[in-house]
Amino acid sequence: MSEVGAIIFSGVLASVVAVWGIFSQRAITRRRSTIELIAKSESDKDMIEAKNVFIRLAHEEGGLRKYAEQDHEGCDETHSIRLVLNEFELISIGIQRGVLDFELYRRWNRSGTKKYWIFAKPFVERLRERTQNDALYHEFQQLYDWMNSEKKHAPKRYWWWGKFF
């Protein structure tokens, strides 16, 4: 009986080590993906230019709101605004799906995310109003809400399965 017990114990121990290894690898991959995204964002010339245009326009009188009007739809400025907003949308979705690490991203860009949303909010509100589509840039708004939260992780509805699976 002791041999059977030893075999069962070894099997259970091997299973625990394997599961731990999977979870550890998943966390490492998520952090690596987040760091790669940050590095790419910091070195992508198109994104750097779009962010510069975004900030410049946000500081103009009236801010970004006027670029949500239909007559500005195809202009370069609106393209830059949407490029920046779409990046935040993708980051939010990546966090929700467990591809990106929320804690790492939050430590790196909490204040930047909040600043960009505050500048973008009038544009997004006008665009939603004009198109009658409240889902536009919803993910970015949610990311902003997470950044404002005192919690150190994304909401559990995404966090639990994104963290472990």
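The second largest cavity is lined by Ser41, Lys51, Glu87, Phe88, Ile91, Tyr105, Trp108 and Asn109. A cavity is a set of points on a 1 Å grid over the protein atoms alone where a 1.4 Å probe fits but cannot get out, and lining residues have an atom within 4 Å of a point. The model is predicted: local features need pLDDT of at least 70, side-chain atom pairs count only at pLDDT 80 or more, and totals for chains, interfaces and linings use all residues. Residues are numbered from 1 along each chain as its sequence is written, and side-chain values use heavy atoms, with hydrogens and water left out.

This cavity holds about 30 Å³ of space. A volume is the space filled by probe spheres set on the grid points, which are joined across faces, edges and corners. The structure has two cavities of 30 Å³ or more. Helices α3 and α4 (102-131) each give at least two residues to the lining of the second largest cavity. Helices are DSSP runs (H or I, at least four residues), numbered from the N terminus. By class, that lining has four nonpolar, two polar and two charged residues. Here Ala, Val, Leu, Ile, Met, Phe, Trp, Tyr, Cys and Pro count as nonpolar, Asp, Glu, Lys and Arg as charged, and the others, Gly among them, as polar.

Next comes the largest pocket, with about 190 Å³ of space. A pocket is an open set of points with protein on both sides within 12 Å along at least five of seven lines. Its lining consists of Leu37, Lys40, Ser41, Asp44, Met47, Leu83, Asn86, Glu87, Leu90, Ile91 and Leu100. Two or more of these residues come from each of α1 (2-43) and α3. The largest share, five residues, belongs to α3. Six residues of the pocket lining are nonpolar, two polar and three charged.

Now the helix packing. Two packed helices are described by the angle between their axes and the distance between the axes. The axes of α2 (residues 45-58) and α3 (residues 76-96) come within 8 Å and cross at roughly 110°. Axes are lines fitted to C-alpha atoms, for helices over the stretch in contact, and angles run from 0 to 180 degrees between N-to-C directions. The two helices α2 and α3 are therefore roughly perpendicular; that term covers 65 to 115 degrees, with under 35 roughly parallel, over 145 roughly antiparallel and the rest oblique.

Eight nonpolar, four polar and two charged residues make up the contact of α3 with α5.

How do α4 and α5 cross, and at what angle? Their axes come within 7 Å and cross at roughly 130°. Helices α4 and α5 are therefore oblique to each other. Contact residues include Tyr105, Arg110 and Trp117 of α4, with Phe140, Tyr144 and Met147 among those of α5. By class, the contact of α4 with α5 has 11 nonpolar, four polar and four charged residues.

Conventions:
Contact = heavy atoms within 4.5 Å.
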